[in-house]
Amino acid sequence: MNAPHRIDGRLHLEGVALDTLAERCGTPLYVYSRAALEAAYRAYEEAFAATPHLICYAVKANSSLALLNLFARMGAGFDIVSGGELARVLSAQGDPRKVVFSGVGKRVDEMRAALEAGILCFNVESTSELHRLNRVAGELGKVAPVSFRVNPDVDPKTHPYISTGLKENKFGVPIAEAPALYRTAAALPHIRVTGIDCHIGSQLLDLSPLADAADRVFALVDALAAEGIALEHIDLGGGVGISYRGETAPDLAGYGRVLAERFAGRRETLIVEPGRSLVGNAGLLLARVEYLKLGADKNFAIVDAAMNDLMRPALYEAYHEIVEVIARPLPKRRYDVVGPICETGDFLGSARELSLDEGDLVALLSSGAYGMSMSSNYNSRPRAAEILVDKKEIHLIRERETQEGLMAGERLLD
Ligand code: LLP
């Protein structure tokens, strides 16, 4: 059982009781299941087995070294968006030859580091970036492998903040302008054109926009081939969405079949860059109730985790299931579950029916993706510790930050 489940009313992840874990390691605490992470990765490998492929885990979803190392051991490549993410992948023993570098604002030093490491491909997002990369590669006496991120202008039907493939978004180059860019690139001495990529958005629950985007990309690949520009890989961006509150997540095997049909008889390798669907449902955030504040209009459960730990509710009004860690025979009340931060937006869940007492523990489910990786120190709050559970074993994979750590590097005036 790699999903959170109850044994005698106590919530467990794998073989570990979460109340005992919280006593031992404190709260707020991120907890991940190794079995769930591995199962999610294997599901991708199986779904795409019929097509030559590379799964490049999107590091931004959760960049903890232990998770990166786990995926590296399973053979994953990585999708990075900064020099910092590259450094993490290398520290976690990821293979640089399986790294693709996405992002609209790559700096010179980041390009250099990626060229020195020998990454698989730069996903280039503009003409200026192409020319900068050609120059930087030239200075190092190298040739940069390049794919262009094309913007296929399809509506992914997701939250506007995480939709990226519409023409009004900042990402990629308009698909109509891509052929000219490929011709320019083919003539540059320090660029080698190797692929194409697109990414239309995240938390996609409907496969049809993904299939539409793929079709537009395939049409372009064929037009380029007719001009003599043959590509080695087609990168279709992020993975499928996940279930946060009982939504039906897309059928990954079905996505694999849709792509297998399209790739049949082709020479290019498929690359996918899933983040959320590899880690999201493998992690949860434990928090303790500090105070219950009961009122005529509303009840608040003030917990010791906040928007700095899990920003998704405040930023996207995202829903995370909140459950009691120990089921108690108390009457349920309707609570807004909030953190201690001085902002009205600091909520983790609103109008939740829970039976709680002060001092109780709650778990915020499906927090493995874009939880810890988007956390901050707002209100001078040290960031949470992270634990990986493996059957009955627990591994501290990141220590809780300390106040001294937060202030290290700051200076008073002379
Ligand atoms: N590739 C690229 C180029 C991306 O921009 C992203 C996500 C991914 C791959 C991974 O997509 P996924 O498989 O996770 O859907 N912070 C937001 C999500 C932002 C996603 C940004 N890009 C959230 O918490 O929902």
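Q: Where is Pro28 found?

A: Pro28 sits in the loop between helix H1 (18-25) and strand E4 (29-33). Helices (H or I, at least four residues) and strands (E, at least two) are DSSP runs, numbered from the N terminus. Residues are numbered from 1 along each chain as its sequence is written. The model is predicted: local features need pLDDT of at least 70, side-chain atom pairs count only at pLDDT 80 or more, and totals for chains, interfaces and linings use all residues.

Q: What kind of peptide bond runs from Thr27 to Pro28?

A: Most residues other than glycine have a negative phi, and most peptide bonds are trans. The bond from Thr27 to Pro28 is cis, with omega near -10°.

Q: Which residue has a positive phi although it is not a glycine?

A: Asn379, with a phi of about 65°. Look for Asn379 in the loop between strand E19 (361-364) and E20.

Q: Which domains does the assignment give?

A: Domain bounds come from an automatic or database domain assignment. Here it gives domain 1 (5-32 + 280-407) and domain 2 (34-276). Taken over C-alpha atoms, the centres of domain 1 and domain 2 are 32 Å apart.

Q: How many residues of domain 1 are in contact with domain 2?

A: Contact means that C-beta atoms, placed from the backbone, lie within 7 Å. By that rule, 22 residues of domain 1 touch 19 residues of domain 2. On the domain 1 side, strand E20 (385-390) and strand E21 (393-398) are the elements that give two or more residues. E20 gives the most, with four residues.

Q: How many residues surround the ligand?

A: A residue is near a molecule if its C-beta atom, placed from the backbone, lies within 6 Å of it. Here 21 residues surround the ligand, and the closest are Ser202, Gly238, Gly275, Arg276 and Tyr370. Helix H10 (276-279) and helix H11 (312-316) each supply at least two residues of that shell. By class, the shell has seven nonpolar, 10 polar and four charged residues.

Q: Why does the ligand lie between domain 1 and domain 2?

A: Because both domains give residues to the shell around the ligand.

Q: At what angle do helix H2 and helix H9 cross?

A: Axes are lines fitted to C-alpha atoms, for helices over the stretch in contact, and angles run from 0 to 180 degrees between N-to-C directions. The axes of H2 (residues 34-47) and H9 (residues 252-263) come within 8 Å and cross at roughly 30°. So H2 is roughly parallel to H9. Angles under 35 degrees count as roughly parallel, over 145 as roughly antiparallel, 65 to 115 as roughly perpendicular and the rest as oblique.

Q: Which residues of H2 meet H9?

A: Ala43, Tyr44 and Ala47 in H2 meet Leu252, Ala253, Tyr255 and Gly256 in H9. The contact of H2 with H9 has six nonpolar, one polar and no charged residues.

Q: What about helix H5 and helix H6: at what angle do they cross?

A: The axes of H5 (residues 108-117) and H6 (residues 127-139) cross at roughly 55° and come within 10 Å. H5 and H6 are therefore oblique to each other. Val108, Met111, Arg112 and Leu115 in H5 meet Arg132, Leu133, Val136 and Ala137 in H6. Their contact has six nonpolar, no polar and two charged residues.

Conventions: Two residues are in contact if their C-beta atoms, placed from the backbone, lie within 7 Å. Ala, Val, Leu, Ile, Met, Phe, Trp, Tyr, Cys and Pro count as nonpolar, Asp, Glu, Lys and Arg as charged, and the others, Gly among them, as polar.
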